[in-house]
Amino acid sequence: NYDFSKKTEWQSSYFYNEVITALDRSTFRQNFINDGDFFTEEKQVQESRSKNHRFNFNLKHKIDSSQNLIFRGNIGFNDGNVMNNSERLTLNTERNPENNSLRDNTSDGNQLNLSGTLIYRKRFQRKGRTFSSSLSVSDRDNDQEAFINSINSFFDPDPLFAFEDTINQSQFQNTKTTNYNLRLNYTEPLAKGFFLGLSASHRNN
């Protein structure tokens, strides 16, 4: 917190956190069917990381005894990625391989959030008569990308029937949104305990 003068005050805060997770798993399954058993071996390695930054601030300015301005802002940034590798092998009753699957998937993304609100308040000489206005603007920018790679192998004693299926995909996405909201309020006292309130607003969403 900081006071620029007797009429102007500044308040702010900053928040940061980081989360990292890791998974290393091996699985063996035996499946029983009428024609005989078959077996599945699977290995998976997964890692993920995310970072979050958030900065908030309030700026208050007292114009005079009847008027004041308040500006509230927020800045947020998120960044993260995920890596997922796996291998799955299926064996028949004689423990010979029937198919094998290798997967290597990664994704990255970040998001920037900006928002601000400007508030003006005015008290008139007549008790209860007030006017206020506020303008809020927010902007969000989101970038995502993902890469999907896999190799699926199918085995057969006859090489003519053995084959592989490969998948390589790249996915990219960007979304950007901007919103605003304007609001006006007026209060007029009519009698003791009775007030007339008028308001108007406009927004783009």
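## A charge over an aromatic ring

The charged end of Arg95 is placed over the ring of Phe39, at 4.0 Å from the ring centre. This placement, like everything described below, comes from a predicted model. Phe39 itself counts as buried, because its relative accessibility of 5% falls under the 20% cut-off.

A further contact of this kind involves Lys122, whose charged end sits over the ring of Phe124 at 5.7 Å from the centre.

## The sheet that carries the rings

The strands form an open sheet of 8, arranged in the order β1-β2-β3-β4-β5-β6-β7-β8 and paired in antiparallel fashion. At its edges lie β1 (2-3) and β8 (194-203), each of which pairs on one side only.

Within this sheet, strand β4 (residues 67-91) and strand β5 (residues 97-123) run antiparallel and are joined by 25 bridges. Phe77 has its bridge partner in β5, namely Leu112.

## The stacked pair Phe28 and Phe39

A pair of aromatic rings is described by the distance between the centres and the angle between the planes. The model contains 7 aromatic pairs. One of them joins Phe28 and Phe39, whose ring centres are 6.0 Å apart and whose planes meet at 20 degrees, so the pair is classed as stacked, the angle being under 30 degrees.

Because Phe57 lies in strand β3 and Phe71 in strand β4, the pair ties together parts of the chain that are 14 residues apart in sequence.

Phe57 is buried at 14% relative accessibility, while Phe71, with a relative accessible area of 32%, is partly exposed. Both residues also belong to one aromatic cluster, which is formed by Trp10, Phe55, Phe57 and Phe71.

Conventions
Residues are numbered from 1 along each chain as its sequence is written. This is a predicted model: local features need pLDDT of at least 70, side-chain atom pairs count only at pLDDT 80 or more; totals for chains, interfaces and linings use all residues. Side-chain values use heavy atoms; hydrogens and water are left out. Two strands pair if DSSP finds at least two bridges between them. Helices (H or I, at least four residues) and strands (E, at least two) are DSSP runs, numbered from the N terminus. Rings of Phe, Tyr and Trp (its six-membered ring) pair if their centres lie within 6.5 Å; planes under 30 degrees apart count as stacked, over 60 as edge-to-face and the rest as tilted. Buried means under 20% relative accessible area, exposed over 50%, partly exposed in between (1.4 Å probe, protein chains only). A charge sits over a ring if NZ of Lys or CZ of Arg is within 6 Å of the ring centre and within 35 degrees of the ring normal.
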